[in-house]
Amino acid sequence: MKSWKICTNSKNKINGIRKKGGYIGRPPFGFLLSRNNCIPILVENMHEKKIIKLMNNFKNERQYSSNKIATILNQRRLYNKGKLWTEN
């Protein structure tokens, strides 16, 4: 009975945050989490947005493979939220 109550409370809390426009989970690449009245919201991360633009340039204009793009980004130390880029 106690675990059911914890589960229900957690669901209610998450649904309340979402109803207020909040974000739950790890932010996607290109965004950061910020708080507005204790509600987590997504905010653009301009540094990561520049990396996305560079990746699109490599893919569309230069026709580089995903593996080559990952290698170039890692060599330039433009990491994926502090981690190395992989082909996927």
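What radius of gyration does the chain have, and what would a compact globule of 88 residues have? In this predicted model, the chain has a radius of gyration of 18 Å, whereas a compact globule of 88 residues would have one near 12 Å. Taken along the principal axes, the C-alpha atoms fill a box of roughly 55 × 30 × 20 Å.

**Fold and contacts**
- The chain is built from three helices and two strands, and these elements follow the pattern α-β-β-α-α when they are read along the sequence.

**Nonpolar core**
- The largest nonpolar core has nine residues, namely F29, I51, F58, I69, A70, I72, L73, L78 and W85.
- The elements that give two or more residues to this core are α2 (46-60) and α3 (66-75), and of the elements it is α3 that gives the most, with four residues.
- F29, which belongs to this core, touches E48, I51, I52, Y79, N80, K81 and W85 when residues up to four places away in sequence are not counted; among these partners, I51 and W85 are also listed in the core.

Definitions and conventions: Residues are numbered from 1 along each chain as its sequence is written. This is a predicted model: local features need pLDDT of at least 70, side-chain atom pairs count only at pLDDT 80 or more; totals for chains, interfaces and linings use all residues. Side-chain values use heavy atoms; hydrogens and water are left out. The radius of gyration is taken over C-alpha atoms; the globule rule is 2.2 Å times the number of residues to the power 0.38. A nonpolar core is a set of buried Ala, Val, Leu, Ile, Met, Phe, Trp, Tyr and Cys residues joined through side-chain atoms within 4.5 Å. Buried means under 20% relative accessible area, exposed over 50%, partly exposed in between (1.4 Å probe, protein chains only). Contact means heavy atoms within 4.5 Å.
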